[in-house]
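This report looks at one strand, its pairing partners and its surroundings. The chain is shown below.

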Amino acid sequence: APTGSGKSILFQIPAIYLHEKYNYVTIVISPLIALMHDQVDGLKKMGVDIACFINSELSIYEKEEILNKIKSGEKSIIYISPEMLLSYSIEHFIGDRKVGLFVIDESHLVTTWGRDFRVDYWFLGRYITNNRKKTGQVFPMLALTATAVYGGDSDIVFETIESLNMKNERIFLGNVRRD
């Protein structure tokens with residue numbers, strides 16, 4: 001869907017519900033620290049204080065403090081880079097809690113950056129699949145982008161779906177035309 005069309009609300013409202021009803025965690029893969037700040041700050045301005053980010057700008061002490069808040073159920077929406085996530089098991093971040101939703105924001109990066117620039121994007125699908133098998137957890141995945149090419153020789157939508165092992169997920173493709 002186009003930039004500014006409200007794609008974030010597609011996972012933020014379910015994440016709030018999953019937190020309140022089941023105490024589940026929503027993991028959001030985000031490529032840039034500025035985007036993580038923007039999303040967490042935006043939720044706080046709306047009175048939602050269950051979101052956090054874990055990234056390289058945080059000190060070891062700050063990361064540990066955030067991890068304790070996640071594990072205790074105080075924080076349930078985690079914005080994190082693929083590099084940070086793939087460096088540890090999911091349990092390192094969420095403890096005994098369950099994943100309710102897994103989101104890849106700016107999902108076109110899985111294939112456009114994943115091969116050459118930020119290879120951890122390329123391994124997200126394998127990581128998620130292995131985690132599902134290891135834990136027995138079943139959770140939906142949501143991949144969002146405004147810039148993926150759909151159809152033709154340059155199609156990256158279905159390449160991204162394949163890389164993320166989302167072939168069995170329901171697929172909804174919006175119109176990215178910006179009139």
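## Pairing of β4 with β5

In this predicted model, strand β4 and strand β5 (residues 141-144) run parallel and are joined by four bridges.

## Pairing of β4 with β1

Strand β4 also pairs with β1 (residues 25-29). These two strands run parallel, with five bridges between them. Across this pairing, F102 in β4 stands opposite I27.

Strand β4 spans residues 99-105, and seven of its seven residues are buried. The largest nonpolar core has 47 residues, and the members that touch the most others are I29, I54, Y79, I80, L85 and F102. Strand β4 supplies five residues to this core, the largest share.

## Contacts of F102

Which residues is F102 in contact with, leaving aside its neighbours within four places in sequence? They are I27, I29, L85, I128, F139, P140, M141 and L142. Of these, I27 is also the residue that stands opposite F102, while I29 and L85 are listed with F102 among the core members that touch the most others.

H108 lies in the loop between β4 and α6 (109-112). Is H108 buried or exposed? H108 has a relative accessible area of 13%, so it counts as buried, the limit being under 20%.

The C-alpha atoms of H108 and Y121 are 9.8 Å apart in space, and the two residues are 13 residues apart in sequence.

Notes
Residues are numbered from 1 along each chain as its sequence is written. This is a predicted model: local features need pLDDT of at least 70, side-chain atom pairs count only at pLDDT 80 or more; totals for chains, interfaces and linings use all residues. Side-chain values use heavy atoms; hydrogens and water are left out. Buried means under 20% relative accessible area, exposed over 50%, partly exposed in between (1.4 Å probe, protein chains only). Two strands pair if DSSP finds at least two bridges between them. A nonpolar core is a set of buried Ala, Val, Leu, Ile, Met, Phe, Trp, Tyr and Cys residues joined through side-chain atoms within 4.5 Å. Contact means heavy atoms within 4.5 Å.
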